[in-house]
Amino acid sequence: MSAAVDPGDSKERVDTRRSSLSSLDEKKARVDTSSIGTEDLVNAEPKPFKFTHWLLRRNLQAVDLDAISTRRSVYDDPDLGKHYWPKVDYENLHRFDPKARWTYREEKALIRKIDWKVMLWAAVSFSALNLDRNNLSQANTDNFLPDLKMTTNDFNLGNTVFRIAFLCAELPSQLVSKRLGPDRWIPIQMCLWALVTLFQFFLTGRSTFLATRALLGFIQGGFIPDLILYLSYFYTKNELPVRLALFWMSSNACSILGSFIAFGVLRMRGVQGKAGWRWLFLIEGLITFTIGVLTFFRMPPSPTQTKTWFRPKGWFTEREEIIAVNRVLRDDPSKGDMHNREGLTIKRLWTAVLDYDLWPLYVAGLMFGIPTTTPNTYLSLSLRNIGFNTFQTNLLSIPSSVAGIITMFAITIVSELVNDRTWVAMGENVWALPFLVAIYTLPEHPNQWIFFGLASGLLSYPYTHPIQVAWCSRNSGAVASRTVNASLYNMFVQASAVVAAQIYRKDDAPRYRRGNAVLIGITLFNIVIMYPCIKAYYVRRNKQRDKVWNAMTAQEKEQYLTTTKDIGNRRLDFRFAH
């Protein structure tokens, strides 16, 4: 028998070890930051990848690939560096070295490897989410509502239940993710919602439909912020936005693939005496479950934790791990504030909720998507109502998905050219307005191809949600608040979908003129009032910070950094993006 261990004694040894580690690392920080040579560092800010430069071959000066690419950071300041040192339990601390230097060749090779190993599978996982979120619209083209003896209002209620469940799960999902780690929680979520999706094969009516909608919403809630948080472990602030844009482009590509899958699977109506939409849920659920299981093996916890029993050599060499960790921390030292298995405290959670400087972006999340969400949800029903059959309707949804990829790519280029977030994010509503007006003015029985052209033009809008997600993350500042604020923002986006699901009503069908008038009014509010007010707010806040910070002496700034308990965007040296 093994000897008994006194729990109190064990706790004391753990506390002593932590105290020793903390003292050792503080000493190491003081020694290292006072002896760092900085002559070989790059002074210029890292330039984000720009599609415009790549396409037009502009500003692509030859770079000496063997020159040092390490950027200067706060860690190189012998006085201020110690205030930004990672926590002692940060999972990558053993690879953190302020003296580390690397070349452009090494960094480019590492980013390519991260893109292929990390980003590609993240995009596959995100596509699986969209495959299962979009299949209800495809099922609608195969007499889904009549088969279950439901109406348009029942369909609206189902979408509302889904969004409310999704909304309610956002923060709990983030709390679980921070405790377990997104590398564990993401594949668990995928497998669970895949099972619910495939069991929709057995739907019997309104009650089971609403139950599965609630379960899907609750399980999928928090998935997107979890995935963005995970990617932030590997990418800098200039690298992440363009990858998020590609992220949502993959969503449109998945919609196209889903339409082709539906076109084939819905032809199975009558097989084993079952409707085609039942086979669609079953097959797509099995696809997602397979991806979910594989994701357990494709998402390492961090750049320094890729070695495991099924991957004994890991993805990165020790040298690559050093580069991966130090380039991310030099870009954003706040990423060392928490480790990837550290749960959020109630105090930090409440602090993030009360962060009023993010409230303008929550309002944007609530309002910006309503004008396009409602028509998008009802596209398949609207096309069926004006005379297109099941298979034509699924194929006719493809052109707007293809155009959406192009316009999203274009809006990314525009944001790079003007280096602005507010006015570019407003572009989605500016695009939607003329199409909504044109659809509103159509006669009672419009030509089906004219309606299809206008509806497809409307739904080809440049999706600016990725810009606003990155904007919210940037304006949060700290890792803890970034996690919660991303969830809160997404909760308002889901609330937006709840509102959007109630605008087209049965008594307004099939032209939904009253609903379209409401959408036009919301669009005008967003363009004329909401976005200009958000811009003015952040400009004013930055001016307030500048006035205080610039009036401080160097000694006062150091004293502030030494003693402040402010974190993230509460710090006086933080500036808001707009």
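Me: Is Phe-144 buried or exposed?

Reply: In this predicted model, local features need pLDDT of at least 70 and side-chain atom pairs count only at pLDDT 80 or more, while totals for chains, interfaces and linings use all residues. Residues are numbered from 1 along each chain as its sequence is written, and side-chain values use heavy atoms, with hydrogens and water left out. Buried means under 20% relative accessible area, exposed over 50%, and partly exposed in between, with a 1.4 Å probe and protein chains only. Phe-144 has a relative accessible area of 0%, so it is buried.

Me: Which aromatic pair does Phe-144 form with Trp-277, and how is its geometry read?

Reply: Rings of Phe, Tyr and Trp (its six-membered ring) pair if their centres lie within 6.5 Å; planes under 30 degrees apart count as stacked, over 60 as edge-to-face and the rest as tilted. A search of the whole structure finds 23 such pairs. Phe-144 and Trp-277 are edge-to-face, at 4.8 Å centre to centre with 85° between the planes. Their pair links distant parts of the chain, 133 residues apart, with Phe-144 in helix α4 and Trp-277 in helix α10; helices (H or I, at least four residues) and strands (E, at least two) are DSSP runs, numbered from the N terminus. Trp-277 is also buried, at 0% relative accessibility, and one aromatic cluster is formed by Phe-144, Phe-209, Trp-277 and Phe-281.

Me: How many residues does the largest nonpolar core have?

Reply: In soluble globular proteins, nonpolar side chains tend to be buried together. A nonpolar core is a set of buried Ala, Val, Leu, Ile, Met, Phe, Trp, Tyr and Cys residues joined through side-chain atoms within 4.5 Å. Here the largest core has 117 residues, and those with the most contacts inside it are Phe-144, Phe-223, Phe-247, Trp-248 and Trp-277. Helix α3 (residues 104-140) supplies the largest share of this core, 13 residues. A second, separate core of 12 residues includes Tyr-75, Tyr-84, Phe-96 and Tyr-560.

Me: What is Trp-248 in contact with, leaving aside its neighbours within four places in sequence?

Reply: Contact means heavy atoms within 4.5 Å. On that basis the partners of Trp-248 include Phe-126, Ile-224, Met-408, Tyr-463 and Val-469.

Me: Which side chains meet in a salt bridge with Arg-95, and where do the two residues lie?

Reply: A salt bridge is a side-chain nitrogen of Lys or Arg within 4 Å of a carboxyl oxygen of Asp or Glu, and by this rule the count comes to 15. The side chains of Arg-95 and Glu-318 meet at 3.9 Å, N to O. Arg-95 lies in the loop between α2 and α3 and Glu-318 in helix α11, so the pair ties together parts that are 223 residues apart in sequence. Arg-95 counts as buried, at 19% relative accessibility, and a network of salt bridges links Arg-95, Glu-318 and Glu-321.

Me: Which residue forms a salt bridge with Glu-320?

Reply: Glu-320 is bridged to Lys-113, the closest N and O atoms being 3.1 Å apart. Because Glu-320 lies in helix α11 and Lys-113 in helix α3, this pair ties together parts 207 residues apart in sequence. Glu-320 is buried, with a relative accessible area of 17%, whereas Lys-113 is partly exposed, at 25%.
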